[in-house]
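Subject: A structure for you to look at

Hello,

Here is the structure I promised to pass on. Please have a look at it first, and then read my notes below.

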Amino acid sequence: MGKPNDSPMEAPGGIRTSQIVALSLVVGTFFTAQTVFMALAGGRPLSLEWDVLQELAYWIVWALLTPLILAAARRWPLDVKPVRRPVLAHAAIAAALAPAQAVVAFGLHLVLLVLAGTVPAGQAWIWMVRRSSSLVWGVFMCVFFYWVVVGVYNALNFRRLYAAERLSAAELAGRSATLEAELARAQL
């Protein structure tokens, strides 16, 4: 019988992927609220398009990518020697996922604006080009968040391994005491 985290749908400690996606959405809601409250505290008018829609699109895409990142974290754990290979694998994946995440998040935002009639379909490319600096920012933040997810996964995994090691050591100590008692009885 396998350990609770042997399933591709579970993270360390038996946390299901759906729970991690939900946690990503909670984090996204937190950062969206941060953006909204910063706008209000700064005295600028709240922009539903940027303060809410773009933030939510960004984090929804992150929530959907989280299972892929967890699969990569399981496939290339950071507790192997040499660590160079998994670090390079994660760097390559982050370099591929980051631009994809940023483009999909901005694309989702754009689709919603076109559907709402805010941006004419013929102006979609121009709208996206005007967001190039935001896309660049998004890519760099995506790389950072990729490593945060991998780091949290590994921290949970190391915690689980530490707990299993402590339990194993306690069981071994118990068996050792039992064997010593049996040996002492046998010698008598």
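**Contacts and overall layout**

Of the contacts in the chain with a separation of 6 or more, 67% are between residues 24 or more positions apart; contact here means heavy atoms within 4.5 Å. Before you go further, please note that this is a predicted model, in which local features need pLDDT of at least 70 and side-chain atom pairs count only at pLDDT 80 or more, while totals for chains, interfaces and linings use all residues. Residues are numbered from 1 along each chain as its sequence is written, and side-chain values use heavy atoms, with hydrogens and water left out.

The chain has five helices and zero strands, so its elements read α-α-α-α-α from the N terminus on, where helices (H or I, at least four residues) and strands (E, at least two) are DSSP runs, numbered from the N terminus. Of the 188 residues in the chain, 30% are buried. Buried means under 20% relative accessible area, exposed means over 50%, and partly exposed lies in between (1.4 Å probe, protein chains only). The accessible surface comes to about 11,900 Å², and carbon and sulfur atoms hold 71% of that; such areas come from the Shrake-Rupley method with a 1.4 Å probe, and for residues only the protein chains shown count as cover.

Helix α1 covers residues 17–41. Its 25 residues reach 36 Å from first C-alpha to last, close to the 36 Å expected at 1.5 Å a residue; the expected span is 1.5 Å times one less than the number of residues. Among the buried residues of α1 are I20, V21, G28 and V36, and the buried residues of this helix pack against α2. After α1 comes G43, with a positive phi near 80°.

The loop between α2 and α3 holds P82, and the peptide bond from K81 to P82 is cis, with omega near -10°. For background, most residues other than glycine have a negative phi, and most peptide bonds are trans.

**The cores**

The largest nonpolar core has 15 residues, of which Y58, W62, I69 and Y146 touch the most other members. A nonpolar core is a set of buried Ala, Val, Leu, Ile, Met, Phe, Trp, Tyr and Cys residues joined through side-chain atoms within 4.5 Å. Two or more residues of this core come from each of α2 (48–75), α3 (84–116) and α5 (132–187), and α2 gives the largest share, seven residues. Leaving out residues up to four places away in sequence, I69 touches W62, L97, Y146, V149 and V150. There is also a second, separate core of nine residues, including F106, L110, W127 and M128.

Is Q54 buried or exposed? Q54, in helix α2, is buried because its relative accessible area is 6%. Not counting residues up to four places away in sequence, Q54 touches E49, A105, F106 and H109.

**Helix α3 and the surface**

With 33 residues, α3 reaches 48 Å from its first C-alpha to its last, close to the 48 Å expected at 1.5 Å a residue. Just after α3, G117 has a positive phi of about 85°.

L112, placed in α3, counts as partly exposed because its relative accessibility is 36%.

L88 is also found in α3, and is exposed because its relative accessible area is 55%. L88 and W76 are 12 residues apart in sequence and 9.6 Å apart in space, C-alpha to C-alpha.

Best wishes
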